[in-house]
Amino acid sequence: MDIIIIGSGPAGVSAALYAKRAGADVTVITRGSGALAKAERIENYFGLAEPLTGAELEANGIAGAKRLGVSFIEDEVVGLAMNEDFTGLVVQTPGLACEAKAVVLTAGSTRLAPKIPGLKELEGKGVSYCAICDAFFYRQKTVAVLGEGDYALHEAEILLPHASKVMLFTNGKEPAVKIPDTIEVHKEKIIAVEAENANGMERVSGLRTEDSAVTPVQGLFVALGTAGSVDLARKIGAATDNNRIVVDGEMATNVPGLYAAGDCTGGLLQVVKAAYEGAVAGLAAAKYVRSRK
Amino acid sequence: MAVNVVNKENFKNEVLKADKPVLVDFWATWCGPCRMMAPVVEAIAEEHPELKVCKVDIDENPELAQLFNVMSIPTLAAFKDGQLTGTAIGYQPKESVLKLFA
């Protein structure tokens, strides 16, 4: 596959249109509607004689891209990595791994991690956002994954062969997917990440829940809801800054073949900005793919 | 200057007893973000002779990772006069790595 676009908002669809028209083979993977669909009225975008709802504008965009031959897959992306020989990118969904020469991340901005005391302070000291990167450090240790959906399950499954015990903490939510018996589910809310002192440095020792009990864990992997653009960028080693992806003038990240556009790059959270960035990213990705042939 | 490959045998001499500040890149072959980090670390070694730049393969030296509580890679660690003075986790652009020595 030439180009996979993750997300089907104005950035993703514009990227798809421009890449397709530049001759690339383009597939969009989307988990359905995003931020745009929640907008009640759009009347500040070029060419609208009458206001449209966000959902209508989004549906029109997708219909236009389909008409040009862009294929759409409705699925959730849970992982992003380089392939074995570092010549392409692998997009992982719960059931499928697809390889592409280039990927455009347009899955919107992610909400920030919940304000649990200790979570931010202990990042890199037992709190991790990437199971594939850090599972190695938790061989024969007890770990917890914070989350409730496919993304959390995917992270837990990466940890299972390494850790001695993997628990899923849903932080007050019901699990959104079936969790296998090998993973112990805890639904209590977490009120603090506890730390201990080891070699003069702090390190995660347990999770304090609302019932005041402390469950001993040595690692906590954060995977709430669905993986956002920034989560996926971090897994592959793209530079991020304050919850946005760092891109150059062609919307390229520091990872060869990886582009980002729309809300995930920061700045104005507007359709017009997303559409522009998508167009630039789509063209740049198509040019990159041509240069690799 | 080139990047020095250090291990558990020579860490003390190469890093802790170095006569200038040392940047240590804790990495592993299977870690994608570490592969992205490598050219940045090499560029720092070339452009900053006032620093000594080293890398530690954590698969071969798990003791060193444990000693410095490295639990996430890539971890970029700054050492001055034998003391760990700061760390940065995950892929970092050059400027962020250099801030460890500011």
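**Rings, charges and one asparagine**

The charged end of B:Arg35 is placed over the ring of A:Phe86, at 3.6 Å from its centre. To count as a charge over a ring, NZ of Lys or CZ of Arg must be within 6 Å of the ring centre and within 35 degrees of the ring normal. A second case is A:Arg139, which lies over the face of A:Phe136, 4.0 Å from the ring centre.

Before going on, some ground rules. This is a predicted model, where local features need pLDDT of at least 70 and side-chain atom pairs count only at pLDDT 80 or more, while totals for chains, interfaces and linings use all residues. Residues are numbered from 1 along each chain as its sequence is written, chains are lettered from A and ligands numbered from 1 in the order in which they are written, and side-chain values use heavy atoms, with hydrogens and water left out.

As for confidence, the model has an ipTM of 0.76 and a pTM of 0.88. Chain B has an average pLDDT (the predictor's confidence in each residue, from 0 to 100) of 93, and 100% of its residues score at least 70.

Now the ring pairs. Rings of Phe, Tyr and Trp (its six-membered ring) pair if their centres lie within 6.5 Å; planes under 30 degrees apart are stacked, over 60 edge-to-face, and the rest tilted. How many aromatic pairs are there over all chains? The count is eight. One of them is A:Phe136 with B:Trp30: the centres are 5.5 Å apart and the planes at 40°, so this pair is tilted. A:Phe136 is in the loop between helix 3 (131-134) and strand 9 (142-146) of chain A, and B:Trp30 in the loop between strand 2 (22-27) and helix 2 (32-47) of chain B, so the pair joins two chains. Helices (H or I, at least four residues) and strands (E, at least two) are DSSP runs, numbered from the N terminus.

Is A:Phe136 buried or exposed? A:Phe136 is buried, at 12% relative accessible area, whereas B:Trp30 is partly exposed, at 36%. Buried means under 20%, exposed over 50%, and partly exposed in between, with a 1.4 Å probe and protein chains only.

Within chain B, one aromatic cluster is formed by B:Phe11, B:Phe26, B:Phe68 and B:Phe79.

Last, the asparagine. B:Asn61 is in the loop between strand 3 (52-57) and helix 3 (62-67) of chain B, and is buried, with a relative accessible area of 3%. Beyond its neighbours within four places in sequence, B:Asn61 is in contact (heavy atoms within 4.5 Å) with B:Val6, B:Asn7, B:Lys8 and B:Val56.
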